[in-house]
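I opened my notebook to get to know a new structure. Here is what I looked up, entry by entry.

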Amino acid sequence: MTKLSRFAAVLAPATMLFLAPLPALAADVSIDLNKLETQNGNCRLTMVLVNGRAEAAQSLRADLVMFGADGVVAKRLAVDLAPIPANKTIVKAFDVAGLACEGIGSILLNDVPSCQFTNGKAGAPSCLEAVSVSSKAGPKFFK
């Protein structure tokens, strides 16, 4: 075996490490739109939040945009989802004033302008990327 072929034989497995896909990073916090219920003309959003980190979420603000069935923006709402203890599941409810649940076609997690965990670090690499969304309720919940 020549020196060049021995070098190639040693180098080939190492180059495969660089070509292999990286595993996806798990979200720090998941938000499930779990239930919608109309109360006195307002829509109550019930969300199940799961903090998958070993640190508590001290700050987690969400910018939500509700779209009507026609795709037109119906309402915008800023909510504070924190605090969420480390490795904990919690339930929070928010009322969307002046909008019945039947008027919501979908909900966009438009942004997560702030997130802070007890270790002093924000969600990585950005607050929006640190959150995953899902829905068990009727409307689509997306980001």
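Is Asn87 buried or exposed? I found that Asn87 counts as exposed, at 54% relative accessibility. Buried means under 20% relative accessible area, exposed over 50%, and partly exposed in between, with a 1.4 Å probe and protein chains only.

**Ground rules.** I noted that this is a predicted model, where local features need pLDDT of at least 70, side-chain atom pairs count only at pLDDT 80 or more, and totals for chains, interfaces and linings use all residues. Residues are numbered from 1 along each chain as its sequence is written, and side-chain values use heavy atoms, with hydrogens and water left out.

**Confidence.** I looked up pLDDT, the predictor's confidence in each residue, from 0 to 100. The protein has a mean pLDDT of 84, and 78% of its residues reach 70 or more.

**Loop between strand 4 and strand 5.** I went back to Asn87, which is found in this loop. Its phi is near 45°, a positive value in a residue other than glycine. Pro83 is also here, between strand 4 (73-80) and strand 5 (88-96). Strands (E, at least two residues) are DSSP runs, numbered from the N terminus. I saw that the peptide bond from Ala82 to Pro83 is cis, with omega near 0°.

**Loop between strand 1 and strand 2.** Asn40 is found between strand 1 (29-39) and strand 2 (42-51). I noted a positive phi of about 55° for Asn40, although it is not a glycine. Asn40 is exposed, with a relative accessible area of 80%.

Key:
Helices (H or I, at least four residues) and strands (E, at least two) are DSSP runs, numbered from the N terminus.
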